[in-house]
Amino acid sequence: MISKKQLFVVTFALFSLFFGAGNLILPPQLGFKSGEFWWSVALGFCLSAVLIPILGILAHAKLQGTMFDFAKKVSPTFSLFYCYLVYAISISLPSPRTASVTHEMGVAPLFGSSPLLTSTVYFILVFIFVMNRSKILDIIGKLMTPAIILILFCIIGITAFSMDFYFGGSEFPHPFSHGILEGYQTFDAIGAVVVGGVIIISINLKNTTTDYATKRSLIAKAGWLAGLGLFLIYTGLILTGALMQGEFSPDIGRTAILSGISLKTMGNTANLFLGLLVSLACFTTAVGIVTGTADFVKGRFNDSQKAYTITAVLGCALGVLMGRFNVDYIIAVAIPALMFIYPITIVLIFLNVLPEKWVSKRVFQLTVAMTILFSIPDFLSSLGFAAHLQSVKNWIPLSGFHMGWVLPALITLICANVIQNPFFFSDSDKSDKQ
């Protein structure tokens with residue numbers, strides 16, 4: 001029997017995992033530019049930033065393993081390469097972005113210092129915490145999350161009840177697909193794959209007498225509740241941005257619009273308070289990313305402390321180099337990496353959620369291979385080769401929405417199952433031949 005306390009604790013843990021402060025800068029500008037189609041862009045954003053990450057947690061609940069287990073059915077070598085690539089992207093982009101968000105929301109308004117100075121001091125502190133582990137950041141994180149949520153709901157509520165529901169035009173030719181692609185920038189699907197296993201292990205340790213089926217039910221209920229909370233916040237912020245369309249310059253940046261909305265709805269004091277809270281939350285995220293990456297490399301080198309230290313140094317050095325750029329620049333730089341890694345991650349999540357009878361080793365290999373093949377045109381287009389690839393993209397369905405991999409992956413999944421076992425929809429499937 002699942003108690004309400006258990007459900008609340010697990011729901012909050014999962015919510016905190018995905019509630020990255022850096023993510024809060026994405027929805028307001030998305031709504032601001034989507035205008036009357038804010039609802040369509042919100043659905044797309046929540047699909048990739050809420051639903052898919054929650055499915056990632058459900059996949060972990062089924063696997064009861066680590067990040068390595070997500071792709072090992074393709075091959076152990078591929079899984080290892082995937083893990084290294086994900087961690088490399090994590091310390092190169094979302095980690096430095098936290099320093100940039102901190103500078104623009106928490107430091108520059110108060111001190112006016114240079115971005116390089118902020119990122120240098122920021123990652124020196126990150127390195128100190130990475131090398132001297134402490135639970136203090138976990139405690140701070142648990143206190144900050146409710147405070148940020150309270151402020152955000154106040155902002156959303158004040159805007160919804162004080163503004164006329166008038167929406168301008170949209171800058172996006174395809175609002176729904178643009179919302180999906182912007183949801184990639186939360187990195188939450190990757191977060192589910194990387195950190196989800198840790199959450200599951202923690203749940204197992206605290207519920208040692210609970211059977212497997214009950215724990216899976218607990219995780220599923222908590223996951224959907226956490227997802228509902230994220231959906232309300234993200235949709236509320238997108239709506240808020242859409243209602244504020246006439247209040248700011250059309251070329252306003254992501255952090256500037258969140259700060260501007262906070263200032264207009266709650267005043268200067270609340271705006272500064274939100275900036276400080278977001279900055280602290282970003283710091284805990286950066287420490288978590290660098291620590292997780294260093295732990296992974298340490299494990300691959302026989303628990304070598306030297307490998308841990310070198311990785312931490314490199315992670316923080318990358319943070320300083322990239323963190324000195326503004327948020328919008330880092331987001332733009334991240335697009336090619338996300339166009340390559342996100343399709344693979346989404347497909348791995350879906351394959352791991354599906355029943356075992358549908359996802360043999362061969363199905364994994366063929367579906368992932370097809371995903372990689374058909375995501376290459378979108379990846380190369382994001383690097384500036386769109387004109388050279390137009391003739392190729394014209395005959396790939398959904399390629400115009402930068403999702404040319406979706407139908408080929410789905411068709412491969414179905415065909416591979418039909419060829420391998422014509423009765424795969426029945427209960428009398430053949431066992432998986434490894």
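The largest nonpolar core of this predicted model has 74 residues. Such a core is a set of buried Ala, Val, Leu, Ile, Met, Phe, Trp, Tyr and Cys residues joined through side-chain atoms within 4.5 Å. Buried means under 20% relative accessible area, exposed over 50%, partly exposed in between (1.4 Å probe, protein chains only). Phe19, Ile25, Tyr122, Val126 and Ile148 have the most contacts inside this core. Helix α12 (residues 254-300) gives it the largest share, 13 residues. Helices are DSSP runs of H or I, at least four residues, numbered from the N terminus. A second, separate core holds 51 residues, including Ile52, Phe70, Val297 and Ala416.

Local features need pLDDT of at least 70, and side-chain atom pairs count only at pLDDT 80 or more, while totals for chains, interfaces and linings use all residues. Residues are numbered from 1 along each chain as its sequence is written, and side-chain values use heavy atoms, without hydrogens and water.

Now the aromatic rings. Rings of Phe, Tyr and Trp (its six-membered ring) pair if their centres lie within 6.5 Å; planes under 30 degrees apart count as stacked, over 60 as edge-to-face and the rest as tilted. The count by this rule is 14 aromatic pairs. Phe165 and Phe167 are edge-to-face, because their ring centres are 6.1 Å apart and their planes stand at 90°. Phe165 is exposed, at 52% relative accessible area. Elsewhere, ring pairs join Tyr122, Phe123, Phe129 and Phe283 into a cluster.

Last, helix α11. Leu225 lies in this helix. Leu225 is partly exposed, because its relative accessibility is 42%.

Methods. Helix = DSSP H or I, 4+ residues; strand = E, 2+ residues; numbered from the N terminus.
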